[in-house]
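Please look at the sequence and the model first.

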Amino acid sequence: MQVLRTALSENAVRVIDLFRDWDVNGDGAVSFKEFVMGVTLLGFPGDRAAAMLFREWDSDGSGSLQVIAC
């Protein structure tokens, strides 16, 4: 999980930009499915670590990560 977190934070593109790209349906949020697909595109397996990180970031338990402008 730490490797994935580090890769996302050190990526040349801001994480918010990645999330916007991963928001396939354009609803302003990244669902778990969209998150796993995005993580896989970065070369990481969409496995338990991705699920744990998603749950950590989904602090309100909504099942999605909001894509907000920073």
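Just after α3, G43 adopts a positive phi of about 100°. Helices (H or I, at least four residues) and strands (E, at least two) are DSSP runs, numbered from the N terminus. This is a predicted model, in which local features need pLDDT of at least 70 and side-chain atom pairs pLDDT 80 or more, while totals for chains, interfaces and linings use all residues. Residues are numbered from 1 along each chain as its sequence is written, and side-chain values use heavy atoms, with hydrogens and water left out.

The chain has four helices and two strands. From the N terminus, the order of elements is α-α-β-α-α-β. Of the 70 residues, 31% count as buried (under 20% relative accessible area; exposed is over 50%, partly exposed in between; 1.4 Å probe, protein chains only). Contact means heavy atoms within 4.5 Å. Of the contacts in the chain with a separation of 6 or more, 54% come from residues 24 or more positions apart.

In α3, the buried residues are E34, F35, V36, G38 and V39.

## Packing of α3 on α4

Two packed helices are described by the angle between their axes and the distance between the axes. Axes here are lines fitted to C-alpha atoms, for helices over the stretch in contact, and angles run from 0 to 180 degrees between N-to-C directions. The axes of α3 and helix α4 (residues 48-57) come within 10 Å and cross at roughly 130°. α3 and α4 are therefore oblique to each other. On this scale, angles under 35 degrees are roughly parallel, over 145 roughly antiparallel, 65 to 115 roughly perpendicular and the rest oblique.

The crossing of α3 past α4 is right-handed.

Which residues make the contact? α3 supplies F32, F35 and V39, and α4 supplies A50, A51, L53, F54 and W57. By class, the contact of α3 with α4 has eight nonpolar, no polar and no charged residues. Ala, Val, Leu, Ile, Met, Phe, Trp, Tyr, Cys and Pro count as nonpolar, Asp, Glu, Lys and Arg as charged, and the others, Gly among them, as polar.

## Aromatic pairs

A pair of aromatic rings is described by the distance of the centres and the angle of the planes. Rings of Phe, Tyr and Trp (its six-membered ring) pair if their centres lie within 6.5 Å; planes under 30 degrees apart are stacked, over 60 edge-to-face and the rest tilted. This rule gives seven aromatic pairs. Two of them follow.

| Pair | Centre distance | Plane angle | Type |
|---|---|---|---|
| F19 and F35 | 6.2 Å | 80° | edge-to-face |
| W22 and F35 | 5.8 Å | 80° | edge-to-face |

F19 lies in helix α2 (residues 15-22) and F35 in helix α3 (residues 32-41), so their pair ties together parts 16 residues apart in sequence. W22 is in α2 as well, so its pair with F35 in α3 joins parts 13 residues apart in sequence.

F19 and F35 are both buried. For F35 the relative accessibility is 0%. W22 is buried at 6%. F19, W22, F32, F35, F54 and W57 form one aromatic cluster.

D23 sits in the loop between α2 and β1 (29-31). Buried or exposed? D23 is buried, at 11% relative accessible area. Neighbours within four places in sequence aside, D23 is in contact with G28, A29, V30 and E34.

I16 belongs to helix α2. I16 is buried, with a relative accessible area of 12%. I16 and V67 are 51 residues apart along the chain, and their C-alpha atoms are separated by 6.6 Å.

Technical notes: A crossing is left-handed if the near helix is turned anticlockwise from the far one by less than a right angle, and right-handed if clockwise.
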